[in-house]
Amino acid sequence: MTIEKFLESSVSGWMDPRGEDSDIVMSTRIRLARNLRGYRFPLSFTENEAHQVDQLVTAALVDSAEKVGTTFSSIPMEKTTTLDRQILVEKHLISPNLAKGQIPGSVLLSEDEGISVMVNEEDHIRIQCLFPGLQLEEAYEQADTIDRIFEKELPYAFDEEFGYLTSCPTNTGTGLRASVMMHLPALTMTNQMGRIIQAIMRVGMVVRGIYGEGSEALGNVYQVSNQTTLGKTEEEILEDLQSITEQIIQKEREARETLLHSEQPVLADTLYRSLGVLTYARIISTDEAAKCLSDVRLGIDLGIITGVDVSILNECMIFMQPGFIQKYAGNSLQPNERDVFRAKMIRERLTIENKTTTKGEKPHDV
Amino acid sequence: MICENCKQRPAKVTVTQVVNGEQVNRHYCEVCAQNLHPFHVEAAHQDPLAIHQLLQNWFNVPTQESTQRAQSDQPLKCDTCDWTFRQFLNKGKFGCADCYDSFRKQLPGVFKRLHNGNTKHVGKTPGGFERVIELKKQIESLRAQMQEAVAEENFEEAATLRDEARMLEEQLKNGADSA
């Protein structure tokens, strides 16, 4: 299997809209940070150590992959072009930090891209499992399976007092970061997000826009994750996040009800206009595309817009990013050319979809 | 001025960001500005910055520095990676797993602030590690029994116990290397 497989398609397993509350929770991610005993952390180790760690980790997983029922492809950063790395970042398969390629590292990807193991990012091992919808337990179980495979083969850096030893003190202990990616358009439209973010922060969780920190959440997509990794068990961390997520879902549903009942014609007009833009625009920026995709998604969820499949929107959200656009275009584009190309891609994707679903069926399910 | 990102084209766009309450101006060319904002994931650049800034603010207070110096002239340092405690605070990262041991006394203060007052791990333990702890306990108990046997001049039993302890020590050594 080559890297091309992972680059050509903008569709990953986690985009498949299924699972409970999948209209609001787009995906669940579990990340475990681990390090090997006897090797310094990537920030201070030598190139020789880096290569040894890479070989050990890769061999350990590839040899026992059958236990997880999938095969893993190893993609070394050194042999990957900058553009291809950017695409892996845009698909959330690797971190921007690994993509920088300053340290010899690699990523091990499962066939369906649900599991990615980064080698020599900030830590020697970063296990990441992505699931569609809200599936914290399922995602953790899978990450735990991978963790146990490594634990059998390799000596982990672990301390009775501090737990799993990680490069960053914010990950020490369980090394677990659990996060859910949520689409919260109604809470955003009704100006409630600021208050909610503050409340969440008070209970030891973090909220950020999925595309970049600090900036306004693009496309109304937010990521909620645990901040504390020490002094809490894995189960407690997952339970706390689950409970916060359920409360946010509840609030978002209430806000959607309010929108639906108070300003129906205005709301429908806004959402349909966005569909109009996506279907007919000739030039579209990432910002505008993200906003419109969010509107159409909300329209589908509310039963106002029919005949568009949500998975298409997830896909558009990924392939409209700069790296993908470049890759599809096959040559480097000026910013204005990129907007033209982006508009064309989205238009085509939506048109294909319309042709296949105009049989009167309503694919949405609220 | 050239673009901070590509370092090729002239900078034409100024992006003002507020990071941890501090205003930062970044200068990009049109191409990079378009690329970076807002889809470029900046979390990786900002996260460590935030942490090391927090750590520095918390621990670089003069009083602590002077008490540290009073204790010894040598700066607190990890022998495995050569990083000092000061370096750890500046970078907000550890150089290696042994740093945790080298700075063991200072770390609870750091963790308390980062992890909601918590300083001790209560989660999962690697399977191999549980075996290691158990082996250590068994060896300890065998040694105690051996001492008793010696005290009672029961040398035959003491020899058996010693051999058993040695066997476990061997296991511990192998287990610890391959666990």
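**Close-up views of the predicted model**

**View 1. The largest nonpolar core.** In this predicted model, the largest nonpolar core holds 96 residues, and those with the most contacts inside it are A:I30, A:V57, A:I125, A:I127, A:F150, A:M182 and A:V224. A nonpolar core is a set of buried Ala, Val, Leu, Ile, Met, Phe, Trp, Tyr and Cys residues joined through side-chain atoms within 4.5 Å; buried means under 20% relative accessible area (1.4 Å probe, protein chains only). Helix α8 (residues 234–262) of chain A gives the most to this core, nine residues; helices are DSSP runs of H or I of at least four residues, strands are E runs of at least two, and both are numbered from the N terminus. The core lies between domain 1 (1–15 + 28–173) and domain 2 (254–355) of chain A, because both give residues to it. Domain bounds come from an automatic or database domain assignment. Another core, of 24 residues, lies apart from this one and includes A:L230, B:L55, B:F88 and B:C99.

**View 2. Strand β10 of chain A.** All six residues of strand β10 (residues 221–226) are buried. On one side these are A:V221, A:Q223 and A:S225, and on the other A:Y222, A:V224 and A:N226. Strand β8 (residues 176–183) of chain A runs antiparallel to β10(A) and is joined to it by five bridges, with A:Q223 as the bridge partner of A:M181. Strand β9 (residues 205–209) of chain A also pairs with β10(A) in the antiparallel sense, over five bridges, and A:M205 stands opposite A:N226. Pairing requires at least two DSSP bridges between two strands.

**View 3. Surroundings of A:V224.** Leaving aside neighbours within four places in sequence, A:V224 is in contact (heavy atoms within 4.5 Å) with residues including A:V180, A:M182, A:I200, A:L241, A:I244 and A:I248.

**View 4. The interface of chain A and chain B.** Contacts link 61 residues of chain A with 51 residues of chain B. About 4,700 Å² is buried between the chains, 60% of it from carbon and sulfur atoms; buried area is the accessible area (1.4 Å probe) that two parts lose on being put together, summed over both. Six salt bridges cross this interface, each a side-chain nitrogen of Lys or Arg within 4 Å of a carboxyl oxygen of Asp or Glu. A:D144 forms a salt bridge with B:K124, the closest N and O atoms being 2.3 Å apart.

**Notes.** Residues are numbered from 1 along each chain as its sequence is written, and chains are lettered from A and ligands numbered from 1 in the order in which they are written. Local features need pLDDT of at least 70 and side-chain atom pairs count only at pLDDT 80 or more, while totals for chains, interfaces and linings use all residues; side-chain values use heavy atoms, with hydrogens and water left out.

Technical notes
Buried < 20%, exposed > 50% of the residue type's maximum accessible area, 1.4 Å probe, protein only.
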